[in-house]
Amino acid sequence: MKVIIAEKPSVAKNIADALKIKLRNDGYFEGEGYYITWAFGHLVELLDAKEYDEKMTIWQMKNFPFIPEKFEYKIKTDRIKKKTDAGAQKQLNIIRQLIKNTKTESVISACDYDREGQIIADLIFDYLKVKKPIFRILLNEWTEKEVLNALENLVPNEQLKPLKDAGIARQQADWLIGINLTSVATLKYKQQKGEVYNIGRVLLPTLKNDL
């Protein structure tokens with residue numbers, strides 16, 4: 001068996017349809033030598049600043065800039081409930097069980113062929129410490145013909161390391177810009193309690209060009 005990880009359920013369904021797989025279980029399709037599962041975008045994300053150091057729970061100018069010695073990851077957080085996202089945790093457990101299944105020989109990343117898609121799967125592989133061979137589908141168009149052709153022309157996922165490195169670099173740069181500039185600008189310019197100046201790589205020039 002091979003585990004295919006798509007970026008979202010609709011893509012997993014397209015792949016299953018291309019392979020004529022009808023059996024759907026909780027969180028994955030099964031048949032024709034494949035388990036086809038999916039993420040919901042990012043299932044794994046960077047820790048918050050306060051999870052690295054308790055002093056970051058309260059913003060104080062003296063603690064910025066804040067740069068972790070090593071970036072670490074966790075299961076996606078539910079921002080409303082302020083705890084681990086139950087859906088993300090469940091799906092990650094399903095992916096883990098499929099990969100660790102003794103029938104599974106290899107894993108295939110079928111996330112979008114770009115920086116973001118590359119790290120969506122690679123961060124899952126790193127978080128789960130996957131040791132089995134990992135391959136990559138180089139595809140963004142999920143028609144039956146394209147899917148079948150791509151499955152016949154897989155490449156080792158390690159060949160996409162430059163793309164992974166680019167995605168990780170952008171993600172971590174966004175984190176550094178977001179936490180440091182948002183915090184400092186808020187501390188310096190806020191005029192009322194609870195006001196936050198959200199600043200990011202894209203957010204700042206697009207929405208905050210009056211600052």
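Let's start with Glu 32, which counts as exposed at 59% relative accessibility (exposed means over 50% relative accessible area, buried under 20%, and partly exposed in between, using a 1.4 Å probe and protein chains only). Glu 32 sits in the loop between E3 and E4, where strands (E, at least two residues) and helices (H or I, at least four) are DSSP runs, numbered from the N terminus. Glu 32 is not a glycine, yet its phi is positive, at about 55°. For background, most residues other than glycine have a negative phi, and most peptide bonds are trans.

## About the model

What you have above is a predicted model, in which local features need pLDDT of at least 70 and side-chain atom pairs count only at pLDDT 80 or more, while totals for chains, interfaces and linings use all residues. Residues are numbered from 1 along each chain as its sequence is written, and side-chain values use heavy atoms, leaving out hydrogens and water.

## The whole chain

Step back and you'll find seven helices and 11 strands. The C-alpha atoms fill a box of roughly 60 × 30 × 30 Å along the principal axes. Of the 211 residues, 43% count as buried. Take the contacts (heavy atoms within 4.5 Å) between residues at least 6 apart in sequence: 68% of them join residues at least 24 apart.

The accessible surface comes to about 12300 Å², and 51% of that belongs to carbon and sulfur atoms; the areas come from the Shrake-Rupley method with a 1.4 Å probe, and for residues only the protein chains shown count as cover. As for charge, there are 34 positive and 29 negative side chains, with the centres of the two sets 4 Å apart. Lys and Arg count as positive, Asp and Glu as negative, and His and the chain ends are not counted. Each charge is placed at NZ of Lys, CZ of Arg, CG of Asp or CD of Glu.

## The seven-stranded sheet

In what order do the seven strands of the open sheet run? The order is E2-E3-E4-E1-E9-E10-E11, with mixed pairing. E2 and E11 (155-156) are at the edges with a single partner strand each, so one side of each has no neighbour in the sheet. In general, strands of a sheet pair through backbone hydrogen bonds, either parallel or antiparallel.

Now look at E1 (2-6). Four of its five residues are buried. E1 runs parallel to E4, with five bridges joining them, and Ala 6 is partnered with Trp 38 in E4. E1 also runs parallel to E9, again over five bridges, and there Ile 5 stands opposite Ser 109. Helix H3 (residues 86-100) lies across E1, E3, E4 and E9 (106-110), at about 160° to E4; axes are lines fitted to C-alpha atoms, for helices over the stretch in contact, and angles run from 0 to 180 degrees between N-to-C directions.

At the E2 end, two bridges join E2 (residues 24-25) to E3 (residues 28-31) in an antiparallel arrangement. Asn 25 has Tyr 28 as its bridge partner in E3. The two strands form a hairpin with two residues between them, and Gly 27 in the turn has a positive phi of about 95°.

Asn 25 itself is partly exposed, at 25% relative accessible area. Its C-alpha atom is 26 Å from that of Leu 138, a residue 113 places away along the chain.

## Other spots to look at

Lys 82 is another residue other than glycine with a positive phi, near 60°. Lys 82 lies in the loop between E7 (77-78) and E8 (83-84), and is exposed, with a relative accessible area of 69%. For a cis peptide bond, go to Phe 64 and Pro 65, where omega is about 5°. Pro 65 is in the loop between helix H2 (49-52) and E6 (73-75).

Is Thr 186 buried or exposed? Thr 186, in helix H6 (residues 161-189), counts as buried because its relative accessibility is 3%. Leaving aside neighbours within four places in sequence, Thr 186 is in contact with Trp 59, Glu 195, Val 196 and Tyr 197.

Conventions:
Pairing = 2+ DSSP bridges.
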